[in-house]
Amino acid sequence: MKNRKTGYEAPLEKISPARKVLGFARDNTVPLMFILICAICIPLSGFSVNYLLAEIVTRISRNSFLILSLLIPIMAGMGLNFGMTLGAMAGEIGLILVSDWQIWGIPGMVLAMIISIPISIGLGVLCGKIMNMAKGREMITGYIMNYFINGIYQLIVLYAMGVVIPIIHSSIILPRGYGIRNTVSLLAMRQSLDNLIAIRINGVKIPVMTFVVIALLCLFIVWFRKTKLGQDMRAVGQDMEVARAAGINVERTRIISIVISTVLAGFGMIIYLQNMGNLSTYTAHSQIGMFCIAALLVGGASVDRATIGNVFLGVTLFHLMFIVAPSAGTALMGDSMIGEYFRVFVSYAVITLALIMYETKKRKASSKAGRELALAQKLEEENK
Amino acid sequence: MKISRTMWFRIAAVAFILLIAGLMMIIGRGHTIYLDDKTLEKDGKTWQALYRIDASVAGSTQEPQTLYARERVLFTVMGQKATLHLQYMEAKGGDKVPVDVSIRIPYGMDGVIVNLPALLAGESQDVFMSEFITVPDVGDTSAEVVVTDEFAVTDI
């Protein structure tokens, strides 16, 4: 309904069901797109429901903790934390050390987590401080910082380990006497958390203990949102200037959010790698941030809003696509590599699409706000 | 200098985490036990290999294993104490004798060789246990090329 005087739409317009559906589709473009891709690819892949379920359960248990670590910085308005890769590196260093010390199973995982904490905190503080210097450009800053810290990680792992940091086992150290091998076997702790309490339903293995750990993190996030610090983060996320005026130490709050995310990412990486059973020393962390962010966006999250529900929907849809794409590619083109490229291309594409949509929405919102302000000013002038 | 209550809590938290780390290092230390059914000669004494031994380790997820004379099997255990469930037969057609033995594995040893004939003869740990030393392969110094390609297409 249009205002007769101004020609602008009235703010309290009755929305028709068709527009509601259209609005819903616009707000959930990425998840709907993925549901469509999966709906096409699943029959083509020829996989049984049981196989798909087993794979999805494994991948949810493997990846959810890592993806959940992204939620807190989003709450603090720092966008998608590409800096989570730093935590993943800290987790890997912990795993390399415990593998060399021959600490196995759950104790090995716990020790690796404890070792990763100070490294993650240090890297998180550094990342947070740099992000505070680049407010509004946190994502690209975090992304580039990964390359910087990755260089330091490689320097430590490739040259310092075995020389400065004692590494004694020949299965871990390179034959030249220093540096870590391309792959470190985690066989001694492989699926130790997953198998701690595991049940089988119709041949599908449910790693109950891993899900308990993930549920605890979900509860922590829900609880944390209600704490003073959580409220501060939300206030900072909504408007930094207003939060500062309210007496919140904005910079400190932002650093804490990144530190929490980095520490959780370190834990998540350890849970992820114990499921895999081996560690690709130089490449395991490099794409983890990208894939976690893509999964979160697939679940319907955006740069400024993400929920626990988005994590689970995202990990399910994104990994379903990952599982079925190669077989669907083979069925369609006779070449499984098509599917391999497709799933990597889709991961990058979904991030690009989500960022474009976020920017478009932001511009639309700001233009709407501008229009409303102009309307209000016009009405005020007319009333005078 | 007076330490604030918050600082005390922080110190206690760090101490608690370090305590857990220490505990994990003790209870999670993995060892490989190589059980040998071989004739052992030491200090002028000889312990003859037995015909057959069925062995398992308490708390291990590994299946029980059977050794005949001159054979070796291995078990992996966590912690410094391992209880071996053994059932031995001195000669073919003889009686199976069940024995449970607990051994302490030194923390610093990744792998230990346990000579079962000496162990079953009731000898001391110095006699039946020795360290298993892995000889690193020095012939392949150029064998492994480090790959640091972060753009590699991988599954997740």
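The model is predicted: local features need pLDDT of at least 70, side-chain atom pairs count only at pLDDT 80 or more, and totals for chains, interfaces and linings use all residues. Residues are numbered from 1 along each chain as its sequence is written, while chains are lettered from A and ligands numbered from 1 in the order in which they are written. Chain A has 14 helices and 4 strands; helices (H or I, at least four residues) and strands (E, at least two) are DSSP runs numbered from the N terminus.

**Chain A overall**

- The radius of gyration of chain A, taken over C-alpha atoms, is 24 Å, close to the 21 Å from the globule rule for 384 residues, so chain A is as compact as a globular protein of that length. The globule rule is 2.2 Å times the number of residues to the power 0.38.
- Along the principal axes, the C-alpha atoms of chain A fill a box of roughly 85 × 55 × 35 Å.
- Of the 384 residues of chain A, 46% count as buried. A residue is buried if 20 or more other C-beta atoms lie within 10 Å of its own, exposed if 12 or fewer, and partly exposed in between, with C-beta atoms placed from the backbone.
- In chain A, 72% of the contacts with a separation of 6 or more are between residues 24 or more positions apart. Two residues are in contact if their C-beta atoms, placed from the backbone, lie within 7 Å.

**Core of chain A**

- The largest nonpolar core has 133 residues, and those with the most contacts inside it include A:Leu70, A:Cys292 and A:Met321. Such a core is a set of buried Ala, Val, Leu, Ile, Met, Phe, Trp, Tyr and Cys residues joined through C-beta atoms within 7 Å.
- Helix H11 (residues 250-276) of chain A gives the largest share of this core, 14 residues.
- Beyond its neighbours within four places in sequence, A:Met321 is in contact with A:Phe34, A:Ile37, A:Cys38, A:Cys41, A:Arg343 and A:Val346.
- A:Phe322 is found in helix H13 (residues 308-333) of chain A. A:Phe322 counts as buried because it has 22 C-beta neighbours inside 10 Å.
- A:Phe322 and A:Arg343 are 21 residues apart in sequence, and their C-alpha atoms are 5.9 Å apart.

**Contact between chains A and B**

- The contact takes 28 residues from chain A and 27 residues from chain B.
- On the side of chain A, the elements giving two or more residues are helix H6 (105-133), helix H7 (138-160) and helix H14 (336-383). H6(A) gives the largest share, 6 residues.
- By class, this side of chain A has 14 nonpolar, 11 polar and 3 charged residues. Ala, Val, Leu, Ile, Met, Phe, Trp, Tyr, Cys and Pro count as nonpolar, Asp, Glu, Lys and Arg as charged, and the others, Gly among them, as polar.

**Sheets of chain B**

- One open sheet has 4 strands in the order S5-S4-S7-S8 (chain B), with antiparallel pairing. Two strands pair if DSSP finds at least two bridges between them.
- Strand S5 (65-68) and strand S8 (97-104) of chain B stand at the edges with a single partner strand each, so one side of each is left without a neighbour in the sheet.
- Strand S4 (residues 52-57) of chain B is joined to S5(B) by 4 bridges, and the two run antiparallel. B:Asp54 has B:Thr66 as its bridge partner in S5(B).
- Another open sheet has 4 strands in the order S6-S1-S9-S10 (chain B), with mixed pairing. Its edge strands are S6 (71-78) and S10 (129-131) of chain B, each pairing on one side only.
- Strand S1 (residues 30-37) of chain B runs antiparallel to S6(B), joined by 8 bridges. The bridge partner of B:His31 in S6(B) is B:Val77.
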